[in-house]
Amino acid sequence: MMSSGSTYGDIHRYEPPRESAAAAVAIVLLTLVEIALVGVFTFGLISGWGIASNDGGFGNMFLGTVLATMFVNLAFILLLYRKEFLPDVMIVKKRRRKWEDLYVRQEDEDGESLTDGATESFKRAIYPYYKR
């Protein structure tokens with residue numbers, strides 16, 4: 001769906017999501033894996049795998065690996081959800097010239113020299129309650 005409007009905020013392009021059943025099944029399976037990983041991580045924290053000194057630090061590395069796997073799994077869930085179930089929408093934005101982001105006023109387009117107001121800013125840095 002395309003719109004011919006060019007005012008700010010108009011929808012320029014709208015592509016509906018695919019909403020495939022395979023992606024939904026994959027998200028459900030990845031969610032079950034995520035729940036299992038959270039359970040293993042929680043059990044490891046409660047059991048003290050990370051603090052036991054007789055294992056040579058392998059429990060701590062195992063917990064770190066499980067935590068990293070949890071976040072990678074969550075990233076795949078969010079990636080699938082964004083790609084398959086969210087629409088692709090492009091809106092019209094206001095185009096600005098480069099200098100508008102850098103300067104407040106039109107007359108400041110060329111910038112200012114290094115010595116402009118240097119004494120005033122030095123006074124303010126030394127004495128913050130200085131009144132003009």
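Phe43, Trp49 and Phe62 come together as one aromatic cluster. This is a predicted model, where local features need pLDDT of at least 70, side-chain atom pairs count only at pLDDT 80 or more, and totals for chains, interfaces and linings use all residues. Residues are numbered from 1 along each chain as its sequence is written, and side-chain values use heavy atoms, with hydrogens and water left out.

Rings of Phe, Tyr and Trp (its six-membered ring) pair if their centres lie within 6.5 Å; planes under 30 degrees apart count as stacked, over 60 as edge-to-face and the rest as tilted. By this rule there are three aromatic pairs. Phenylalanine 43 and tryptophan 49 have ring centres 5.6 Å apart and planes at 80°, so their pair is edge-to-face.

| Residue | Relative accessible area | Class |
|---|---|---|
| Glutamate 84 | 10% | buried |
| Tryptophan 49 | 29% | partly exposed |
| Leucine 29 | 51% | exposed |

Now to glutamate 84. Its side chain makes a polar contact with the side chain of arginine 18 at 3.4 Å; such a contact is a pair of N or O atoms within 3.5 Å, and within protein one must be able to donate a hydrogen and the other to accept it, while residues adjacent in sequence count only if both atoms are side-chain atoms. Beyond its neighbours within four places in sequence, glutamate 84 is in contact (heavy atoms within 4.5 Å) with Pro17, Arg18, Glu19, Ser20 and Ala23.

Key
Buried means under 20% relative accessible area, exposed over 50%, partly exposed in between (1.4 Å probe, protein chains only).
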